[in-house]
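Let's take a friendly walk through this model, one region at a time. Please keep the structure open beside the text as you read.

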Amino acid sequence: MSVQEILADENELTHLLGAQQSVVLSTRVRLARNLEGFPFPGWAKPAHRKEIAERCIEALTQLPRFRKSHVFKMGDLPDLDRAVLVERHLVSKELASGKSGAAVISRDQTCSVMVNEEDHLRIQVVKAGWHLRGTWNIAEQLDDAIGASLGIAFSDELGFLTACPTNVGTGLRASAMVHLPGLCLAGHIEKVTRALSQDGLAVRGWLGEGTEAAGNIFQISNQQTLGLSEDAILRHLGGWVKTLVDQEWNARRKVAQEEGERFVDRLARSLGLLRHARLLTSAESMNMLSHLRLACDMGCLPEERRHVVDRLMIEGQPAHVQARQGAELDSDGRDSRRATAVREALRDFPEVGSPTA
Amino acid sequence: MSNPLKCSVCDAVATVHLTQIVQGKVTKVDFCEACAAKGGAGDAAVFKLADAVNKVTAGPAITCPQCGFTDVEFRRRGRLGCPSCWQVFGVALGGLLTKVQHEIQHVGRAPAGTIPVGQLRHRLLAAQQELTAAIAAEDYETAAKLRDEVARIATQLDTL
């Protein structure tokens with residue numbers, strides 16, 4: 001079982017044609033759960049953590065959803081492999097930085113469970129595009145299946161008991177990864193971010209907490225987990241995502257109309273640069289690929305090319321570039337490898353045309 | 001030289017300093033690098049959390065008999081020791097929950113195979129309110145259905 005298999009296996013975020021959508025890149029649902037009678041991982045002694053990991057992995061790998069799953073123990077993985085899993089959002093930075101954590105990842109990479117992160121179990125389901133109910137249904141089934149084989153810490157008053165007070169209750173964090181180049185170009189992004197945070201939603205960058213919004217990509221998630229039903233949390237997020245998608249499209253059309261040829265020129269220059277550059281930094285390629293994604297959404301490039309752009313965004317991250325090369329590379333080496341991979345993938349891309357959407 | 005500022009969560013030397021101004025009210029929080037990365041500096045929730053964590057431990061020292069976790073540790077980490085800690089520190093945590101979560105009663109799902117008491121209580125309250133409204137609107141057909149639902153949930157909760 002190796003991280004190379006994760007890279008090689010086709011999955012819906014990077015390969016599946018037709019799974020991608022404009023604006024919403026992916027939908028994610030996370031549930032925090034803990035075993036009854038055990039200290040939380042941050043306070044547990046190593047022996048306890050080991051016992052917790054064994055119990056959880058044993059129970060998880062019995063489930064049909066995790067047949068032939070990948071099981072990774074963080075202590076056994078090289079730094080680079082752990083970084084790849086973080087970049088794929090399959091494990092958190094916190095889990096990857098410790099030795100006693102583990103992750104069980106389904107063959108199709110849709111479901112992953114982190115063991116011994118801040119909580120004993122962090123169940124995560126991710127789907128390409130916007131599928132809140134579908135994603136939630138899988139998480140709910142998985143939660144029930146796990147709860148049937150492991151005693152889960154719960155109180156009638158406080159719900160699912162978690163290590164941190166910000167997760168208690170439902171333990172549910174639902175999120176959408178959204179691509180908002182239109183709102184960024186129109187200069188409305190700060191206003192939108194403010195409105196979302198005032199209404200109880202967190203807005204974060206591409207790699208979660210404390211990261212920058214590279215490539216105009218933002219992660220929107222609920223903050224409150226107690227005193228609201230799962231359904232209410234999902235409806236609240238869903239309502240805002242629908243509004244955001246509408247506002248983003250309005251902004252795109254307005255900018256395209258106002259800028260005319262300058263709009264198309266911007267997108268075409270990005271394609272030109274990506275096709276010819278010999279050295280590409282991670283931030284530069286993300287920002288240019290954001291333009292290509294916008295071009296695919298708006299009919300300036302064929303829509304069926306969008307999954308190539310999404311794949312390059314994921315595979316252009318530093319650890320991915322090095323893992324593909326099979327060796328650690330310095331900054332110039334990474335930029336060179338990244339540029340080569342991008343050039344090859346975009347070689348047969350058609351020219352950027354005028355918007356049709 | 002003056003003493004370096006301490007992290008609001010773990011007492012280590014703080015290197016990240018946040019100032020939040022909301023309608024003229026200035027709030028300052030200091031974090032060490034680890035806690036800032038963990039809590040997501042720049043996130044409004046962090047202010048509320050750090051603030052509330054500091055207030056929780058104003059009373060006498062408390063220790064969880066199950067896992068030995070103390071309120072001092074809670075102030076340092078902002079995390080609890082084990083599921084039983086929620087009961088042990090319950091009173092103190094009530095204020096924190098109102099601050100961080102705005103609510104103190106779970107109304108969502110329960111583990112597989114158990115009765116979702118929180119969900120039932122929540123529905124009971126909602127059905128009672130809907131019943132009052134239906135009676136006021138003289139919608140007796142709906143009122144009759146709601147009365148039956150209220151009775152059914154109440155019986156279910158009584159038998160627990």
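Which residues of helix 3 of chain A are buried? Please bear in mind that this is a predicted model. The buried residues are A:Asp81, A:Arg82, A:Ala83, A:Val84, A:Leu85, A:Val86 and A:Glu87. Helix 3 of chain A spans residues 79-87 and is mostly covered, with seven of its nine residues buried. The cover over these buried residues includes helix 1 (3-8), strand 2 (70-73), helix 4 (93-97), strand 3 (102-105) and helix 12 (318-325) of chain A. Have a look just past the end of the helix, too: A:His89 there takes a positive phi of about 65 degrees.

Next comes a helix pair in chain A. Helix 10 of chain A (residues 282-297) packs with helix 11 of chain A (residues 306-315) at an angle of about 165 degrees, and their axes are 9 Å apart. Because angles over 145 degrees count as roughly antiparallel, helix 10 of chain A is roughly antiparallel to helix 11 of chain A. The crossing of helix 10 and helix 11 of chain A is left-handed. Helix 10 of chain A brings A:Met286, A:Leu289, A:Leu292, A:Arg293 and A:Cys296 to the contact, while helix 11 of chain A brings A:Arg306, A:Val309, A:Leu312 and A:Met313. By class, this contact has seven nonpolar, no polar and two charged residues.

Now for chain B. Seven helices and two strands make up its elements, and from the N terminus on they run β-β-α-α-α-α-α-α-α. Chain B has 160 residues, of which 31% count as buried. Among its contacts between residues at least 6 apart in sequence, 31% join residues at least 24 apart.

How do the two chains meet? In all, 38 residues of chain B are in contact with 39 residues of chain A.

| Element of chain B | Residues |
|---|---|
| Helix 1 of chain B | 33-39 |
| Helix 2 of chain B | 44-56 |
| Helix 5 of chain B | 90-101 |
| Helix 6 of chain B | 117-136 |

Helix 5 of chain B gives the largest share of the side that touches chain A, namely five residues. By class, the side of chain B that touches chain A has 21 nonpolar, eleven polar and six charged residues.

Methods:
Residues are numbered from 1 along each chain as its sequence is written. Chains are lettered from A and ligands numbered from 1 in the order in which they are written. This is a predicted model: local features need pLDDT of at least 70, side-chain atom pairs count only at pLDDT 80 or more; totals for chains, interfaces and linings use all residues. Axes are lines fitted to C-alpha atoms, for helices over the stretch in contact, and angles run from 0 to 180 degrees between N-to-C directions. Helices (H or I, at least four residues) and strands (E, at least two) are DSSP runs, numbered from the N terminus. Angles under 35 degrees count as roughly parallel, over 145 as roughly antiparallel, 65 to 115 as roughly perpendicular and the rest as oblique. A crossing is left-handed if the near helix is turned anticlockwise from the far one by less than a right angle, and right-handed if clockwise. Two residues are in contact if their C-beta atoms, placed from the backbone, lie within 7 Å. Ala, Val, Leu, Ile, Met, Phe, Trp, Tyr, Cys and Pro count as nonpolar, Asp, Glu, Lys and Arg as charged, and the others, Gly among them, as polar. A residue is buried if 20 or more other C-beta atoms lie within 10 Å of its own, exposed if 12 or fewer, and partly exposed in between; C-beta atoms are placed from the backbone.
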